[in-house]
Amino acid sequence: MTGPTITDAARGAGKGRWIEQWDPEDPGFWERTGRRTARRNLLFSVLSEHIGFSIWTLWSVMVLFMGPEYGIDPAGKFFLIGMATFVGALVRIPYTFAVARFGGRNWTVVSALLLLLPTGAAYLVMEPGTSYTTFLAVAALTGLGGGNFASSMTNINSFFPLREKGWALGLNAGGGNIGVPVVQLVGLLVIGTAGAAHPRIVLAVYLPLIVAAALCAALFMDNLAPVKNDTGAAREAVRDRHTWIMAVLYIGTFGSFIGYSFAFGLVLQTQFGRTPLEAASLTFLGPLLGSLVRPLGGRLADRHGGARITLANFAGMAAATGVVIFASVTESLPVFLVGFTALFLLSGIGNGSTYKMIPGIFQTKALARGMTGEAAARYGRRLSGASMGLIGAVGALGGLGVNLAFRQSFQGAAGTGTAAFVAFLGFYAVCSALTWAVYLRKQAARPATEAETGAGADVRRRLDYAEV
């Protein structure tokens with residue numbers, strides 16, 4: 001087995017560096033050249049995805065600058081940030097397939113540069129007197145940043161062997177997720193120094209950072225030639241029930257994380273009467289902690305099984321939601337902050353554990369079909385890569401659901417978020433039951449099929465997916 005062959009412009013002018021051979025499951029190849037190359041691509045993938053998340057969640061910061069002079073009520077602000085969430089979820093599907101079509105490095109450059117559109121547009125319109133329709137259109141543009149996550153995760157999934165995917169995908173996603181609290185910290189710094197009348201300073205900070213991320217991707221990342229769009233795998237992933245089950249679970253983890261990240265500051269302003277500066281000083285902490293622990297969720301899943309960690313995580317999220325409901329009813333801001341911060345932490349851990357489950361589920365299915373070794377690993381990579389974009393898109397729509405639930409709750413007679421949190425509690429109960437029933441409940445004893453027997457003595461034990 002030879003190492004990867006990297007050729008400059010091997011496929012024509014302007015197409016950049018391509019790695020022609022890639023086999024991360026081969027231990028010899030991985031130790032010689034694979035790990036070093038994969039980690040370099042991971043580093044700069046994190047940088048680009050980080051900026052993408054910051055732009056995607058830009059309106060969670062912009063709404064803090066929008067005082068009474070903008071003429072937009074809280075329900076209108078929740079709808080603004082919901083629009084960004086919605087578009088970010090939709091573009092994840094084409095972004096997933098763009099990696100194989102154009103190359104991971106090439107698409108990272110393009111997707112980074114596309115972030116100049118929403119950032120520049122927001123710079124132009126962010127002032128009182130701009131129509132609400134214009135704000136909606138610009139907020140929709142920031143959804144492009146949400147697509148960066150899907151392409152980045154699909155790309156990094158191809159670089160790493162199954163035994164390290166939980167850690168690698170957790171680190172990639174966690175480093176990207178940190179873009180949420182970072183943009184909120186930038187907003188806090190601007191409000192605290194220049195005041196709430198200067199939102200354009202936040203945008204001016206990000207314009208050169210976008211260019212820097214694109215330049216680093218062009219200089220230091222690679223394209224994997226063996227990664228191809230597989231329409232057969234995509235169709236199989238769409239038909240597979242596990243794609244949709246994992247999409248529901250990802251709504252509960254990532255949908256909660258991104259929805260709460262968008263809404264946290266606005267909830268503090270609307271329900272607890274915090275000023276823009278006070279809200280901004282509290283908003284960043286939850287997303288920061290949730291981002292930092294995402295690699296831990298992947299690492300715990302690598303060690304103990306993703307399904308086990310995911311089930312325990314949903315139980316914890318339900319308990320934390322109960323604390324938040326109590327705080328909302330009693331109007332206790334300290335207790336509310338404790339419960340909400342716990343929700344961020346647990347959603348981050350759950351993000352890591354659920355994404356670890358995806359490749360494990362499909363490789364386990366390959367073993368059950370009698371595949372072994374590289375054949376099983378290749379099947380797992382095909383199906384997990386095809387399913388990740390869809391799962392990520394549906395999960396991100398959960399963020400839209402969170403913001404619409406808050407919008408509806410605050411429009412109610414009580415004018416609080418309590419009703420929304422009760423709905424979230426019910427959903428976490430559903431996710432807990434689904435995780436247990438599909439991935440952890442002991443299967444009834446039955447004779448092994450010929451395919452299972454051929455795959456090895458441990459296959460029947462693994463058919464309940466408890467090891468994924």
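Predicted model: local features only at pLDDT ≥ 70, side-chain atom pairs only at ≥ 80, totals over all residues.
## Nonpolar cores

The largest nonpolar core comprises 117 residues, and Trp59, Phe336 and Phe406 are those with the most contacts inside it. The element that gives the most to this core is helix α13, spanning residues 241–272, with a contribution of 16 residues. Another core lies apart from it and has eight residues, among them Val87, Ala98, Trp107 and Ala150.

When neighbours within four places in sequence are left aside, Phe406 is in contact with Phe78, Tyr260, Ala263 and Val267, and also with Gly417, Ala420, Phe421 and Phe424.

## An aromatic pair

Across the whole structure, a search finds 36 aromatic pairs. In one of them, the ring centres of Tyr260 and Phe424 are 5.7 Å apart and the planes stand at 65 degrees, so the pair is classed as edge-to-face. Because Tyr260 belongs to helix α13 and Phe424 to helix α20 (residues 418–440), the pair ties together parts that are 164 residues apart in sequence. Both Tyr260 and Phe424 are buried, and both are among the residues in contact with Phe406.

## The largest pocket

The volume of the largest pocket is about 530 Å³. Its lining is made up of 23 residues, of which Ser158, Pro226, Val227, Lys228 and Arg382 are the closest to the centre of the pocket. By class, the lining of this pocket divides into 10 nonpolar, six polar and seven charged residues.

Two or more lining residues come from each of the helices α4 (92–102), α8 (144–159) and α19 (373–411). Of these, α19 provides the largest share of the lining, with six residues.

## Cavities

The count of cavities of 30 Å³ or more comes to two. The largest cavity, with a volume of about 50 Å³, is lined by Ser45, Ser48, Glu49, Thr108, Ser111, Asn148, Ser151 and Ser152. At least two residues of this lining are supplied by each of α1 (27–56), α5 (104–114) and α8. The lining of the largest cavity holds no nonpolar residues, seven polar ones and one charged residue.

The second largest cavity contains about 40 Å³ of space, and its lining consists of Trp18, Val99, Ala100, Gly103, Gly104, Asn155, Leu224 and Val227. Here the classes are five nonpolar, three polar and no charged residues. Val227 lines this second largest cavity and is also one of the residues closest to the centre of the largest pocket.

Terms used: Residues numbered from 1 in each chain as written. Heavy atoms only, no water. Core = buried A, V, L, I, M, F, W, Y, C linked by side-chain atoms within 4.5 Å. Buried < 20%, exposed > 50% of the residue type's maximum accessible area, 1.4 Å probe, protein only. Helix = DSSP H or I, 4+ residues; strand = E, 2+ residues; numbered from the N terminus. Contact = heavy atoms within 4.5 Å. 1 Å grid on protein atoms, 1.4 Å probe; cavity = no way out; pocket = protein on both sides within 12 Å on 5 of 7 lines; lining within 4 Å. Points joined across faces, edges and corners; volume = space filled by probe spheres on them. Nonpolar A, V, L, I, M, F, W, Y, C, P; charged D, E, K, R; others polar. Phe/Tyr/Trp six-rings, centres within 6.5 Å; stacked < 30°, edge-to-face > 60°.
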